Amino acid sequence: MLRIAVQAKGRLNEQSMELLNAAGVSVNMEKRKFLMRAEGFPAEIILLRDDDIPQTVALGAADIGIVGYNEVAEKDMDVNVLQKLGFGGCRISLAVPKTANYTGLDYFNGKRVATSYPEILRKFFADNNIDAEIHTITGSVEIAPAAGLADAIFDIVSSGGTLVSNGLVEVEKVLFSEAVLIGNPDISEEKMALARQLMSRFEAVRNGIGKKYLLLNIPVSALDEAISLLPAMRSPTVIPLANSEWCSLQTVVDEKNLWNLIESLKSIGAEGILVLSLDKIVL
Ligand code: PRT
Ligand code: ZN
């Protein structure tokens, strides 16, 4: 039985649970408990604050966990990063009041910087020979400069909207982060096999994101041109039709360019175009 740590509530909870569910590990969130046995996979889910996930996995109280890479870097526990999960993307950046005359990293010498990520910042300043005062605060870091508590902040940025509305500008992007799967380094071979199975399922789920399955009929005379328009995984599937002048073409395409592609295919004679949702791609 694999014990998986997931953020109990907050920004990563929903997508973590969705990913697990799509990978065949489902729990009934209506009967939400601290520890829940999953259906469909020999696993149980333990719901924790994200700050506690690296340590829980390092101590083996959970075997694997889903957490922001920023928390892994800050806590510096003995865990292995097994896989990037492609959601929860953000960066941790230094930001200063927009009125400041920022000329470079030297600016921070002798300054007070407020953050909830003191260890990452300490290391960054040490690597760059900056001697600044780090003030650790939990909660609304972005209001510290206006409140006179700090000269700058080091905080998570995603759209940048929070900085703008607090009169701050991002001046140094220090660490890029996304949700990652972490694992206890001493996990048994049996549990590691389950973890690997989950990792390949996660990959299949991720491969399906932003992809559609396209089916269409095309005159055989336009087949080569149609194939050249389609970026298939290997090559598109071509199926003969009862009418030997036509065939059916099937392939996976990116949702991004879908409309342009459909219009190009129509212009060379494609008909009966079907676009189907895709759930998972096992390569
Ligand atoms: O209760 P618990 O301790 O579990 O949760 P938490 O409050 O510590 O964390 P939570 O739920 O806010 O975030 C969990 C994880 O989501 C973080 O550790 C990051 O890995 C990731 N993440 C992604 C973010 C953001 N994007 C994000 N934008 N975490 C926080 N923010 C905050 C940021 O702190 C700032 O206040 O959003 C604001 C900035 O957003 P923009 O879009 O205005 O730039
Ligand atoms: Zn937290």
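Which residue has a backbone N or O atom 2.8 Å from an oxygen atom of ligand 1? That residue is Arg11.

Before going on, the conventions. This is a predicted model, in which local features need pLDDT of at least 70, side-chain atom pairs count only at pLDDT 80 or more, and totals for chains, interfaces and linings use all residues. Residues are numbered from 1 along each chain as its sequence is written, chains are lettered from A and ligands numbered from 1 in the order in which they are written, and side-chain values use heavy atoms, with hydrogens and water left out.

Back to the ligand. Arg49 also has an atom 2.8 Å from an oxygen atom of ligand 1, in this case a polar side-chain atom. Gly160 places a polar backbone atom 2.7 Å from a ligand oxygen. Of the accessible area that ligand 1 has on its own, 840 Å², the protein covers 78%; accessible areas come from the Shrake-Rupley method with a 1.4 Å probe, and for residues only the protein chains shown count as cover. There are 23 residues around the ligand, where near means that a heavy atom of the residue lies within 4 Å. Those that come nearest are Asp51, Asn70, Ser159, Gly160 and Thr162.

Now the chain as a whole. It has 8 helices and 15 strands, taken as DSSP runs numbered from the N terminus (helices H or I, at least four residues; strands E, at least two). The radius of gyration is 25 Å, well over the 19 Å that the globule rule gives for 283 residues, so the chain is more spread out than a compact globule. That radius is taken over C-alpha atoms, and the rule is 2.2 Å times the number of residues to the power 0.38. The C-alpha trace spans about 80 × 50 × 35 Å along its principal axes.

Buried residues account for 43% of the 283; the classes are buried under 20% relative accessible area, exposed over 50%, and partly exposed in between (1.4 Å probe, protein chains only). Of the contacts (heavy atoms within 4.5 Å) between residues at least 6 apart in sequence, 68% join residues at least 24 apart.

Next, the core. A nonpolar core here is a set of buried Ala, Val, Leu, Ile, Met, Phe, Trp, Tyr and Cys residues joined through side-chain atoms within 4.5 Å. The largest one has 31 residues, and those touching the most other members are Leu2, Ile4, Leu20, Val25, Ile45 and Leu198. At least two residues each come from β1 (2-7), α1 (13-22), β3 (43-48), β4 (64-68), β11 (179-183) and α6 (189-208). The largest share, 7 residues, is that of α6. As for Leu20, leaving out neighbours within four places in sequence, its contacts are Ile4, Val6, Val25, Ile45, Ile66 and Phe202.

A few individual residues. Glu71 sits in helix α3 and is buried, at 4% relative accessible area. What does its side chain pair with at 2.8 Å? The side chain of Lys75, in a polar contact, meaning a pair of N or O atoms within 3.5 Å; within protein, one must be able to donate a hydrogen and the other to accept it, and residues adjacent in sequence count only if both atoms are side-chain atoms. A second polar contact, of 3.1 Å, joins the side chains of Glu71 and Tyr117. Beyond four places in sequence, Glu71 touches Asp50, Asp51, Pro54 and Tyr117. Asp51 is also among the residues that come nearest to ligand 1.

Arg91, in strand β6 (residues 90-97), counts as buried at 16% relative accessibility. Its side chain reaches the backbone oxygen of Ser158 at 3.4 Å. Outside four places in sequence, Arg91 touches several residues, including Asp155, Glu170 and Phe176.

Gly167 is in the loop between α5 (161-165) and β10 (168-177). Buried, exposed or partly exposed? Partly exposed, at 22%. Gly167 is in contact with Val96, Pro97 and Lys98, leaving aside neighbours within four places in sequence.

Last, two positive phi values outside glycine. Asp76 has a phi of about 50°, lies in the loop between α3 (69-75) and β5 (80-84), and is exposed at 65%. Asn129 has a phi near 55°, lies in the loop between α4 (118-127) and β8 (133-136), and is exposed at 67%.
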